[in-house]
Amino acid sequence: MDIRSLKAFIAVFEERNITQASARLYLSQPALSATIRQLEEQLGAALFQRQPRGVEVTDAARLLYPAARRLVEEADGLAQLFRGRQDCLPLTLGVAADLGQADVALVLAAAYRAVDGLLLELAAGCAGDARLDEEANRCEDELFLPLWEEEYVLAMRSDSPLAAQPLLRPGQLLGQDLIACPDHPSHQRFASLLGVAARELAVAARCATLQQAATLAAAGAGIAFVPQGLAQDQPGLWSCQLEQAALSRRVGLCYAPDALAKPALARLKQGLAAG
């Protein structure tokens, strides 16, 4: 059973006449009759009874008709969906794991405003025609369009003893549990900012990404040193600055120069640069 057979059935059902149905479908009468017979064999039921003038529908045909109409309409709608996409501009955008989702959403909203008919595919990490990542991760052959800058903050649950303070000194972290992300460059920078206090902090959890560190902080595992955007993604987290420890990062669009030959990326870059 296929859509062609269902369309043939619908035409005969509505016209109640093989000749008129064949004209409607631009099929010969023998071809239409053969299609109906094949459908009846597949269903194991007679759909029409031939009469001197036209055909009479059976109970099986009355049962099949609404379902056949629905299936044909859904198939036509699906075909129209893909025909409508032919004029779209495709773009695959990689998104680094350690970015705040609220910040990423703002960039994606700007992308849809900048590129009419954008057909966007999101990929993880370095894949894609371009990618959102921090400037420190830009490859040597890539250009960089800065989009936002954010500071690193101490993130902890709102019920933590140190919460509700806008600024903390390194000494106040003594005796507190720390969430470490040793594979990320910010970990060593954080340790150097803490100075001698770093040696007395208790590591309560280790993780591979800053996003995981923020999640662990929200779970109550300890204090994480993460970008502000990641802290804001987690409800129930309190964030504050570390005294005399200004550390920030720039996040933007990384892309190879020849990738601008893709119309969607060229328009996206132009729109983000202007906005």
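First, the ground rules. This is a predicted model, so local features need pLDDT of at least 70, side-chain atom pairs count only at pLDDT 80 or more, and totals for chains, interfaces and linings use all residues. Residues are numbered from 1 along each chain as its sequence is written, and side-chain values use heavy atoms, with hydrogens and water left out.

Now the start of the chain. Helices (H or I, at least four residues) and strands (E, at least two) are DSSP runs, numbered from the N terminus. Two packed helices are described by the angle between their axes and the distance between the axes. Axes are lines fitted to C-alpha atoms, for helices over the stretch in contact, and angles run from 0 to 180 degrees between N-to-C directions.

Take helix α1, residues 3-15, and helix α2, residues 18-25. They pack at about 135 degrees, with axes 8 Å apart. Therefore α1 and α2 are oblique to each other. Which residues of α1 and α2 make the contact? From α1 come K7, A8, I10, A11, V12, E14 and E15. From α2 come I18, Q20, A21, R24 and L25. Contact means heavy atoms within 4.5 Å.

Between these two helices is a loop, and R16 is in it. The phi of R16 is near 55 degrees, a positive value in a residue other than glycine. Most residues other than glycine have a negative phi. R16 is partly exposed, at 34% relative accessible area. The cut-offs: buried is under 20%, exposed is over 50%, partly exposed is in between, with a 1.4 Å probe and protein chains only.

A164 also has a positive phi, about 75 degrees, and is not a glycine. A164 is in the loop between β6 and β7 (167-168). At 60% relative accessibility, A164 counts as exposed.

The axes of α1 and helix α3, residues 29-43, come within 9 Å and cross at roughly 110 degrees. That makes α1 roughly perpendicular to α3. R4, S5, A8, F9 and V12 in α1 meet L32, T35, I36, Q38 and L39 in α3.

Look at S5 in that helix. Is S5 buried or exposed? At 4% relative accessibility, S5 counts as buried. Leaving aside neighbours within four places in sequence, S5 is in contact with T35 and L39.

Next, R50, in strand β1, residues 48-50. R50 counts as exposed, at 58% relative accessibility. Not counting residues up to four places away in sequence, R50 touches I18, S33 and V55. R50 and N17 are 33 residues apart in sequence, and 8.9 Å apart in space, C-alpha to C-alpha.

Last, the cores. A nonpolar core is a set of buried Ala, Val, Leu, Ile, Met, Phe, Trp, Tyr and Cys residues joined through side-chain atoms within 4.5 Å. The largest one has 30 residues. Of these, L154, M156, L168, L173 and F190 touch the most other members. Elements that give two or more residues to this core include β6 (143-157), α6 (185-194) and β11 (237-242). F190 touches L154, L178, F225 and L242, not counting residues up to four places away in sequence. A second, separate core has 25 residues, including L91, V104, A264 and L268.

Conventions. Parallel < 35°, antiparallel > 145°, perpendicular 65-115°, else oblique.
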